[in-house]
Amino acid sequence: MSLVKNLSSMPDIEDLRRICKSIAALEIVMCREQEFRYYFYDPNWSDNEEVFQLINGCGSVRSGCNSHMIILFSPNGCVINGFDNQSYDNEITYNIDDDGSIHFQKSSVKEKENALKMEKIKQGLPDVFYEFMHGKIVKT
């Protein structure tokens, strides 16, 4: 299942690659300090793959936002993997103990619903991208 039903407004792979390179290059000009940049392009991700990465606007994955996007360009095509911490339904419950301390916990029902959403998104994805979508993909 694709989140986007009409892909006619999406650029083709080469145009997307050029756009990603341009964004990352502009980021270098605008922000000299690498640790504060949001966009990165690695033309040497592997022998025959390139990667564009967005780390959320709160600074970095290291700051706890956990929102990110990574686009893989390979001879097999292009795939986008990402996570937006605002896109999930996170139902938080809490209990107050007799001593007044508060304990927060996520709803297990919502976690299961979110996992089902992710499986639907990945349905129909070519097997060649399985590792990229399911493994540890971010090179640091």
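Predicted model: local features only at pLDDT ≥ 70, side-chain atom pairs only at ≥ 80, totals over all residues.
Phe52 is buried, since its relative accessible area is 2%.

**The chain as a whole**

Let's step back for the overall layout. The protein chain contains three helices and six strands, and reading along the sequence gives the order α-β-β-β-β-β-β-α-α. Of its 140 residues, 24% are buried. As for contacts between residues at least 6 apart in sequence, 36% of them join residues at least 24 apart.

**Aromatic pairs**

How many aromatic pairs does the structure hold? There are two aromatic pairs. In one, the ring centres of Tyr39 and Phe52 are 6.0 Å apart and the planes meet at 15 degrees, so this pair is stacked; the cut-off for that label is an angle under 30 degrees. Tyr39 belongs to strand S1 (residues 39–46) and Phe52 to strand S2 (residues 49–55), so the pair ties together parts 13 residues apart in sequence. While Phe52 is buried at 2%, Tyr39 counts as partly exposed because its relative accessibility is 29%.

The other pair is formed by Tyr41 and Phe73, and it is tilted, with 6.3 Å from centre to centre and 35 degrees between the planes. Here Tyr41 lies in strand S1 and Phe73 in strand S3 (residues 68–74), so parts that are 32 residues apart in sequence are tied together. Is Tyr41 buried or exposed? Tyr41 is buried, as its relative accessible area is 17%, and the cut-off for buried is under 20%. Phe73 is buried as well, with a relative accessible area of 1%.

Here are the ring residues side by side:

| Residue | Relative accessible area | Class |
|---|---|---|
| Tyr39 | 29% | partly exposed |
| Phe52 | 2% | buried |
| Tyr41 | 17% | buried |
| Phe73 | 1% | buried |

**A patch on the outside**

Now for the surface. Which residues make the nonpolar surface patch of about 340 Å²? Leu26, Val29 and Met30 make this patch. Met30 sits in helix H1, which covers residues 13–30. With a relative accessibility of 63%, Met30 counts as exposed, because the cut-off for exposed is over 50%.

Key
Residues numbered from 1 in each chain as written. Heavy atoms only, no water. Patch = residues over 30% accessible without salt bridge, like charges linked within 9 Å, V, L, I, M, F, W, Y side chains within 5 Å. Areas by Shrake-Rupley, 256 points an atom, 1.4 Å probe, with all protein chains shown as cover. Salt bridge = Lys/Arg side-chain N within 4 Å of Asp/Glu carboxyl O. Helix = DSSP H or I, 4+ residues; strand = E, 2+ residues; numbered from the N terminus. Buried < 20%, exposed > 50% of the residue type's maximum accessible area, 1.4 Å probe, protein only. Contact = heavy atoms within 4.5 Å. Phe/Tyr/Trp six-rings, centres within 6.5 Å; stacked < 30°, edge-to-face > 60°.
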